[in-house]
Amino acid sequence: MTDNTIEGVLAKALALCNPTAAEEKRITAVAEEAKKLVEQKSKATSSEVREIIFGGSFAKGTWLHGDADIDIFLKVDPSVSEERFEKLGVEIGRQALRKYKPKLRYSDHPYVEATVRGIRINVVPCYDVQRGQWKSAADRSPFHTQYIMETLDVAKKEQVRLLKKFLKSTGIYGAEISTGGFSGYVSEVLIAKYGSLEGALAAAAEFRQGQVVSVGDYDADISKGFSSPLVIIDPIDPRRNLGTAISPESVGRFALAARAFLHNPSEKFFARQKPSVNKKLYRNVLVVEFSHRERSPDTIWGQLKRSANSVAKQLELAGFTVFRTTCNTDEKKSGAFAFLLESLALPEYMMRKGPEIARAKDMESFVMAARSLAMWADREMRVSAIVERKATDAGQLVKTLLGRPPEANGIARDMITGRVKVYSASGRRRFPGLVKEAVDELVSTENLIFFFK
């Protein structure tokens, strides 16, 4: 007989989350090897690096089965200049892991990433500072590791793994710009606050706009200055909001998924479910397909999202109703925007409502500028006019926008290269994989979280 109680489901889900003994042994061996290489290179390069430590989920023991990253932090003397600090991190990381084809990545400052026997290693510099004396964005990381090690016991670390798996299966795990979701550290803080996955889900099910989550006391005046939909106070820096990177969409999906799971516990919440795609709506989807310059993932995702939103804004200004907007990239050279519109075409004419007739000067200005086909005084004692639209075809408007200089329409300078294709999703039998992902995202419903339909 299937055990569908929360306890029964979580017991089975935990088996998907906890690494095996063999996996732990392998990851630990790779981590120690990489750290030794970094230590050797550091000693040979400079005395400005005071200590080399592990960080992230590996150090805290909260990593997921089959999904381990290893962060190695170089704790640099705080008297070192920012320029030298960045150079040290890059030089030591690249040289130490040179046989593993290291790549330069960027967050708030550059760091080095390499894959060692299938496991991603990040070598990140931070300043060796006292708590609160932050000089770089990475300086808090060693304090985060220490806080979680001191706060969470083995049982709570298992609850963190369950929460991470739940968020991952819901598509909202990860602080990257592409996801706008919940980071590993946020998952750990939520368990520190609520004690268990069930406790975190019960709280999430009741989240409201501007909800504040804090493990301890917090300054309400400081929290009022945060504008994110979910405010999560960093336990080691009460002036920092961990919720800044979490999008409103991710907060909403978390609340819906939490309610759905508590209503009907199921192992389905711990494995990615395919959404229901309504292809009938393809005819309302406008696709823009292009190639772009190769940049770091966070840079290109940030540029794509800002650019897609700029195009959507231009469509709205022209009178089109934009229901949803998305973008996608292979993080190499191919990208796409997709827009779900009420209609890809608009009527040739539209009504424009003017100011109250009593406001003589405003009314005269409106009449002079309107270029109307017909004009009258309406029942609200305003002037109304019928005018011709400047654009009636969404595809043609977007082609025109993308043909202008980049700075003229908010699209990231020099991002798009080569030929741009603009078309309706209903006009194609097949799409490139990344385009299909974008189109299907716009017209899909995640039935698991909308359980009450």
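Analyst: Aspartate 69 is placed in strand E2, which covers residues 69–76. The model is a predicted one. In an unreviewed UniProt entry, the annotation "binding site" covers Asp69 together with Asp71.

Aspartate 69 has a relative accessible area of 25%. Buried requires a value under 20% and exposed a value over 50%, so a residue in between counts as partly exposed, and aspartate 69 is therefore partly exposed. Setting aside neighbours within four places in sequence, aspartate 69 is in contact with Ser57, Phe58 and Arg120. With arginine 120 there is a polar contact: the side chain of aspartate 69 meets the side chain of arginine 120 at 2.7 Å.

Aspartate 71 also belongs to strand E2. Its relative accessible area is 18%, so aspartate 71 is classed as buried. If residues up to four places away in sequence are not counted, aspartate 71 touches Ile53, Phe54, Gly55, Gly56 and Asn122.

Strand E2 is also one of the elements that the buried residues of helix H2 pack against. Those buried residues are Glu23, Ile27, Val30, Ala31, Ala34, Lys35, Val38 and Ser42. Besides E2, they pack against strand E1 (49–55), helix H3 (56–60), helix H4 (82–96), strand E4 (110–116) and strand E5 (119–127). Helix H2 itself runs over residues 21–45, 25 residues in total, and spans 36 Å from its first C-alpha to its last, close to the 36 Å expected at 1.5 Å a residue.

Terms used:
Residues numbered from 1 in each chain as written. Predicted model: local features only at pLDDT ≥ 70, side-chain atom pairs only at ≥ 80, totals over all residues. Heavy atoms only, no water. UniProt positions renumbered as here; feature names shortened; annotations may be inferred. Helix = DSSP H or I, 4+ residues; strand = E, 2+ residues; numbered from the N terminus. Buried < 20%, exposed > 50% of the residue type's maximum accessible area, 1.4 Å probe, protein only. Contact = heavy atoms within 4.5 Å. Polar contact = N/O pair within 3.5 Å; in protein donor to acceptor, adjacent residues only side chain to side chain. Expected span 1.5 Å × (residues − 1).
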